[in-house]
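The text below goes from local detail to overall dimensions.

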Amino acid sequence: MRRSSAQGVLYGQAVANVAGIANSDLECMDILYLEGRVTAGRLAEVTGLTTGAITGVVDRLEKAGLVRRERDEHDRRKVFISVIPETGAKIGELYVPMQQAMEKVFSAYSDEELRLLLRFANEGYKGVLAATTALKGLLDTPPEKRPQLKLKKHPRQT
């Protein structure tokens, strides 16, 4: 899992390099794909970045022609960030090799096995979300009041 996660980060970095943007900016683009049109405040909330940092991210993505700011029709003070479909699709094309490789992997599994893997992935996501929330809680705690964290020792399997 760690190797796959690390390789996914490296793949994302390669995509960002080809697209000419920072990897963190690409991650924000991914969140925009998943969340849809959102405010800068929501993007800051989801990423854990400050609203000032998100302004910089959006400025860079807008300059690269990947996102646009859109005023709310009912409240002109509210601004949404959305992916520009045409240029976003060009970045999506960079994921075709990943999609093809994963389709090849998935083809070796039965429908029942794929359902189990999907359940594992969904539950794993929930676990990572819970761990992220816990870690953020630790960061909000003064260092002298933080509990000691210790990894459980597990024998390595080869």
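Ser 82 lies in strand β3, residues 79-83; helices (H or I, at least four residues) and strands (E, at least two) are DSSP runs, numbered from the N terminus. This is a predicted model, in which local features need pLDDT of at least 70, side-chain atom pairs count only at pLDDT 80 or more, and totals for chains, interfaces and linings use all residues. Residues are numbered from 1 along each chain as its sequence is written, and side-chain values use heavy atoms, without hydrogens and water.

Ser 82 counts as buried because its relative accessibility is 9% (buried is under 20% relative accessible area, exposed over 50%, partly exposed in between, with a 1.4 Å probe and protein chains only). Apart from neighbours within four places in sequence, Ser 82 is in contact with Arg 37, Leu 66, Val 67, Arg 68 and Glu 70, where contact means heavy atoms within 4.5 Å.

Arg 76 sits in the loop between β2 (67-71) and β3. With 54% relative accessibility, Arg 76 counts as exposed. Its C-alpha is 36 Å from that of Tyr 125, at a sequence separation of 49 residues.

The chain has seven helices and three strands, in the order α-α-β-α-α-β-β-α-α-α from the N terminus. Of its 158 residues, 20% count as buried. The C-alpha trace spans about 55 × 50 × 30 Å along its principal axes. Among contacts between residues at least 6 apart in sequence, 43% join residues at least 24 apart.
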